Amino acid sequence: MSKTFNIAVFSGDGIGPEIMAPTLDLLRGLEHDFAFHDCPAGAASYRECGSDLPERSLATARAADAILLSALGDPAVRKPDGTELTPQIDLRIALDLYAGVRPVRIVPGMRTPLALPEGKTVDFVLIRESTEGLFHTRNRGRVEPDLAEETLRLTRKSTARVCDFAFRMARERLAEGHPGRVTSVDKANVFRAFAFWRGIFDEVAGGYPDLTADHAYVDAMALWMVIRPWDWDVMVTENMFGDILSDLGAGLMGGLGMAPSADIGEDHAVFQPCHGSAPDIAGRGVANPFAMILSAGMMLDWLGRRYDVPDLLRDAARVRAAVDGCIVAGETTGDLGGMLDTRGAAAAVMARL
Ligand code: ATP
Ligand code: MG
């Protein structure tokens, strides 16, 4: 008997349900036993029941083997204190999802603002620490009439575990032909907290003598990601730096519509596109489903490694290849220059599968 994988599904707001529905269809078409469990959350849920992350949905997510999430929230719906709803960050904290995984891949034929030299491909992964750093005081920073202050917090435990995660990932990638290199992205020249980070990174690196470890300052990395993006393998960085660099990475891939992500902890993982609920295009059926589909592909990969199911790993690679094929053939939505709507683009991926 093959295992039934219980998947908590957060279809969310705006374009969320539009990109989630065809993604679930695609997963149903694969030869695995998935049970999908609907989890209301986000702005619509907040309007209906006063909670943007209801207990029941959180409990379903906790009990699931993996969590698929499209986009939660709507800038027009705010809490009484005027702040935006951030249920996906609350979920990250509740499930202790400490490693934000943001792959940046540019295959030949893909639309990118870069001029890639002949024969160069871009394929690196940015790992963002997701529980502390400059987000430590989020929503409770000190603001007075003439002063505002937030705190950067780095703990040994969280820094060590995210660095270790990055080295483990580089080792897996080494087996697939990548260079086996991890770069710490920090600002150790100016902030003592980042010298602390770097020291811990170096200690963790000592446990991986088969891999290369090096360092870069975050400002320099912003430059290098643009002028030689093919140079990198795995990067690991603090929460806020990761937030910014992952949008830069999405930009290199031709926009948010292409950028998948995973937020991974010891026992749980959430897979979601990097983009938000895009209220400006919601309801028109034109949203690009590729970031959502690629996120589902990352879920297949993660489940395959976790439960040692080679067929899941194979299907993860097939999903990636099918999306790549669509991009090269121009079978895309308008944001990537194509003529298809959401359903059409998803159907093109399924046809290639
Ligand atoms: P959040 O705060 O939730 O991250 P955001 O303010 O970054 O949201 P998005 O919702 O990601 O904003 O949208 C940014 C822009 O990208 C919008 O113009 C939106 O229409 C566009 N966009 C986002 N996702 C997609 C998609 N899947 N397909 C096409 N366009 C998209
Ligand atoms: Mg955003």
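# Buried, exposed and in between

Visitor: Where is Arg192 found?

Guide: Arg192 sits in helix 6 (residues 192-205). Helices are DSSP runs of H or I with at least four residues, strands are runs of E with at least two, and both are numbered from the N terminus. This is a predicted model: local features need pLDDT of at least 70, side-chain atom pairs count only at pLDDT 80 or more, and totals for chains, interfaces and linings use all residues. Residues are numbered from 1 along each chain as its sequence is written, while chains are lettered from A and ligands numbered from 1 in the order in which they are written.

Visitor: Why does Arg192 count as exposed?

Guide: Count the other C-beta atoms, placed from the backbone, within 10 Å of a residue's own: 20 or more means buried, 12 or fewer exposed, anything in between partly exposed. Arg192 has 8 such neighbours, so it is exposed. From Arg192 to Leu340, C-alpha to C-alpha, is 50 Å in space and 148 residues in sequence.

Visitor: What makes Pro22 count as buried?

Guide: Pro22 has 20 C-beta neighbours inside 10 Å, so it counts as buried. Pro22 belongs to helix 1 (residues 16-28).

Visitor: Which residues is Pro22 in contact with, leaving aside its neighbours within four places in sequence?

Guide: Pro289, Thr342, Arg343 and Ala346. A contact means that two C-beta atoms, placed from the backbone, lie within 7 Å. Val234 is another matter: its C-alpha atom is 31 Å from that of Pro22, and the two are 212 residues apart along the chain.

Visitor: Why is Asp96 called partly exposed?

Guide: Asp96 has 14 other C-beta atoms within 10 Å, so it falls in the in-between class. Asp96 lies in the loop between helix 4 (87-94) and strand 4 (99-106). Its phi is near 55°, a positive value in a residue other than glycine.

Visitor: Is Asp308 buried or exposed?

Guide: Asp308 has 9 C-beta neighbours inside 10 Å, so it is exposed. Phi of Asp308 is near 55°, also a positive value in a residue other than glycine. Its place is the loop between helix 9 and helix 10 (310-329).

Visitor: How do you know that the protein chain agrees with a compact globule?

Guide: Compare two values. The rule is 2.2 Å times the number of residues to the power 0.38, and the radius of gyration is taken over C-alpha atoms. For 353 residues a compact globule would be near 20 Å; the protein chain has 20 Å, so the two agree. Buried residues make up 48% of the chain. Its secondary structure is eleven helices and twelve strands.

Visitor: Which residues have the most contacts inside the largest nonpolar core?

Guide: Ala66, Ile67, Ile127 and Ala166, in a core of 98 residues. Such a core is a set of buried Ala, Val, Leu, Ile, Met, Phe, Trp, Tyr and Cys residues joined through C-beta atoms within 7 Å. Helix 9 (residues 290-306) gives the largest share, eleven residues.

Visitor: How do you know where this core lies relative to domain 1 and domain 2?

Guide: Domain 1 (1-112 + 256-353) and domain 2 (115-127 + 151-252) both give residues to the core, so it lies between them. The bounds come from an automatic or database domain assignment. The C-alpha centres of the two domains lie 24 Å apart. Their contact takes 16 residues from domain 1 and 17 residues from domain 2.

Visitor: How many residues surround ligand 1?

Guide: The shell has 14 residues, the closest being Gly257, His275, Gly276, Ala278 and Asn288. A residue is near if its C-beta atom, placed from the backbone, lies within 6 Å of the ligand.
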